[in-house]
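Open the model in your viewer and keep the selection tool at hand. The stops below say what to select next and what is there.

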Amino acid sequence: QITTVSGNEFLFQSDIDFLILDWFHAIKNAIDRLPKEQRITSRNLEFKLRKSSSIELLNNLDTESKEPKPEHRKSLIFRLNYSASDTNDRNRIKSRLKKFISRRPSLKTLQEKGLIKDQIFGSHLHSVCEHEKSTVPQFVRLCIEAVEKRGLDVDGIYRVSGNLATIQKLRFVVNQEEKLNLDDSQWEDIHVVTGALKMFFRELPEPLFPYSLFEQFVEAIKIQDNATRIKCIRSQVKKLPRPNYDTMKILFEHLQKIAAKESMNLMSTQSLGIVFGPTLLRPEKETGNMAVHMLYQNQIVELMLSEYSKIFGSEED
C-alpha cells in the first residue's frame, strides 16, 4: 500500500516475489528520475507489500540498509521519497504496470502447462466428462461407492448436513488434485461425502435435468394415469444427453438402494425426492410458481425412484 503526501492511497497485491520487486523497482526508478527540488525529504512514505498471514516489516531496500533479507519473504516495507503531486511521474508508473500486466500468460496457457487445473465443481457436466473421457464424473462414482460402503444404514443419510467447512475443504481438494481417497480419516463423516455430492449437483451451471426439458418433465408428472405418466417420463429421460442420462441412471440406482434401507436410515423415496428434487431440476428462470415447481420437482424424483426399472430399463422390461 502506498500512501502519498496528498492523501491518495494505492494498493498493489501479489504473492509472487519477482512481481513485487518489479513493482518496487519501477516506482523507485521513476522517483529517482525526478528533479531533486521536487522531492520531499522531510517526509517519507511507507510502501507496504504485505501477505495477509505475515506481520514482518522490512525497512529500506537501499545499499545502506541492514543485511539483505531472504528472497522467500513475502512481506516488504519500502520507505520511498515520493512526490504524489507529479502527475507525469504517476502516468509513467501506470504505463509500466500496464505493460507488465499485459505480458501475463493467459488462463489457457496456464491450464496447458498444468499450473491451473480444470475445475470439477461449477463446471458443466459434459465438460467434466469430456475431460475425464467418461460419461459419469469420477467424483460422483467415488461418492456413491463410499456411501454404499459405509452409509446405507446411517440415519438420515443425504438429509442430515455434514460440517460445511469440511465439505468446502473436500470441494477444494477435488478441484486441485487428481486423486481422491474418500477412505481417508478426514472424510470419515459420511455426511461430508453426501454433502459434497449434493453440492456438486447443485453447482452445475445447468442442472442434471437440462433446462430445455424442465417443462416437459413437469407436464409429464401432471398426468393422472400412472402408466401414461411413467411412459412420458421415460420418453423425456431418453432425450437426455449421454452424460446426463448415464449420470442420472447411476445416481437413481444408488438412491434406490438408499430407499431400500428405509427401515434403518429412515429415508423413503418421498424423503429423497424432497432432498434431491430442487437439486437435480429447476427452471432456468424462477417465476412466481416456485412453490408449485418445488412440489413437482419432488414428485418427479420420487416417481423415478419408485419406477426406476420401468424408466431406465430396456424396452422389453
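**Stop 1**

Begin by selecting C143, which is buried, with 0% relative accessible area. Then select C232, which is partly exposed at a relative accessibility of 27%. How many disulfides does a search of the whole structure find? The search finds zero.

**Stop 2: the whole chain**

Zoom out before going further. This is a predicted model. Colour the protein by secondary structure: there are 14 helices and four strands. Of the 317 residues in the protein, 40% are buried. Among contacts with a separation of 6 or more, 72% are between residues 24 or more positions apart.

**Stop 3: helix α10 and two of its partners**

Two packed helices are described by the angle between their axes and the distance between the axes. Select helix α4 (residues 125-132) and helix α10 (residues 242-260). Their axes come within 9 Å and cross at roughly 90 degrees. Angles of 65 to 115 degrees count as roughly perpendicular, and α4 and α10 are therefore roughly perpendicular to each other. Show the side chains where they meet: L125, H126 and C129 belong to α4, and P243, N244 and T247 belong to α10. This contact of α4 with α10 has three nonpolar residues, three polar ones and no charged ones.

On the α5 side, select V140, R141, I144, V147 and E148. On the α10 side, select T247, I250, L251, H254, K257 and I258. By class, the contact of α5 with α10 has six nonpolar, two polar and three charged residues.

Stay in helix α10 for one more residue, D246. Is D246 buried or exposed? D246 is buried, with a relative accessible area of 19%; the cut-off for buried is under 20%. Leaving aside neighbours within four places in sequence, D246 is in contact with T135 and V136. Use the distance tool on D246 and V136: from C-alpha to C-alpha they are 6.2 Å apart in space, though 110 residues apart in sequence.

**Stop 4: aromatic rings**

Now show the side chains of the aromatic residues. The count comes to ten aromatic pairs. One of them is Y158 with F276: the ring centres are 5.2 Å apart and the planes are at 65 degrees, so the pair is edge-to-face. Y158 lies in the loop between α5 (138-150) and α6 (164-176), and F276 lies in helix α12 (residues 269-280), so this pair ties together parts that are 118 residues apart in sequence. Y158 is buried, with 0% relative accessible area. F276 also counts as buried, at 0% relative accessibility.

Next, select F209, F217, Y245, F252, Y308 and F312, which ring pairs link into a cluster. Centre the view on F209, in the loop between α7 (190-202) and α8. F209 counts as buried, at 0% relative accessibility. Which residues does F209 touch, not counting those up to four places away in sequence? They are F217, M248, F252, L280, L281, I300 and M304. For a distance check, F209 and Q236 are 9.7 Å apart from C-alpha to C-alpha and 27 residues apart in sequence.

**Stop 5: helices α8 and α13**

Select helix α8 (residues 214-221) together with α13. They pack at an angle of about 75 degrees, and their axes are 10 Å apart. That makes α8 roughly perpendicular to α13. In α8, the contact is made by F214, E215, F217, V218 and I221. In α13, it is made by H293, Y296, Q297, Q299, I300 and L303. The residues in this contact of α8 with α13 divide into seven nonpolar, three polar and one charged.

**Stop 6: a buried glutamate**

E307 is buried, with a relative accessible area of 18%. Apart from neighbours within four places in sequence, E307 is in contact with N226 and I230.

Terms used. Residues are numbered from 1 along each chain as its sequence is written. This is a predicted model: local features need pLDDT of at least 70, side-chain atom pairs count only at pLDDT 80 or more; totals for chains, interfaces and linings use all residues. Side-chain values use heavy atoms; hydrogens and water are left out. A disulfide is a pair of cysteine sulfur atoms within 2.5 Å. Buried means under 20% relative accessible area, exposed over 50%, partly exposed in between (1.4 Å probe, protein chains only). Axes are lines fitted to C-alpha atoms, for helices over the stretch in contact, and angles run from 0 to 180 degrees between N-to-C directions. Angles under 35 degrees count as roughly parallel, over 145 as roughly antiparallel, 65 to 115 as roughly perpendicular and the rest as oblique. Contact means heavy atoms within 4.5 Å. Ala, Val, Leu, Ile, Met, Phe, Trp, Tyr, Cys and Pro count as nonpolar, Asp, Glu, Lys and Arg as charged, and the others, Gly among them, as polar. Rings of Phe, Tyr and Trp (its six-membered ring) pair if their centres lie within 6.5 Å; planes under 30 degrees apart count as stacked, over 60 as edge-to-face and the rest as tilted.
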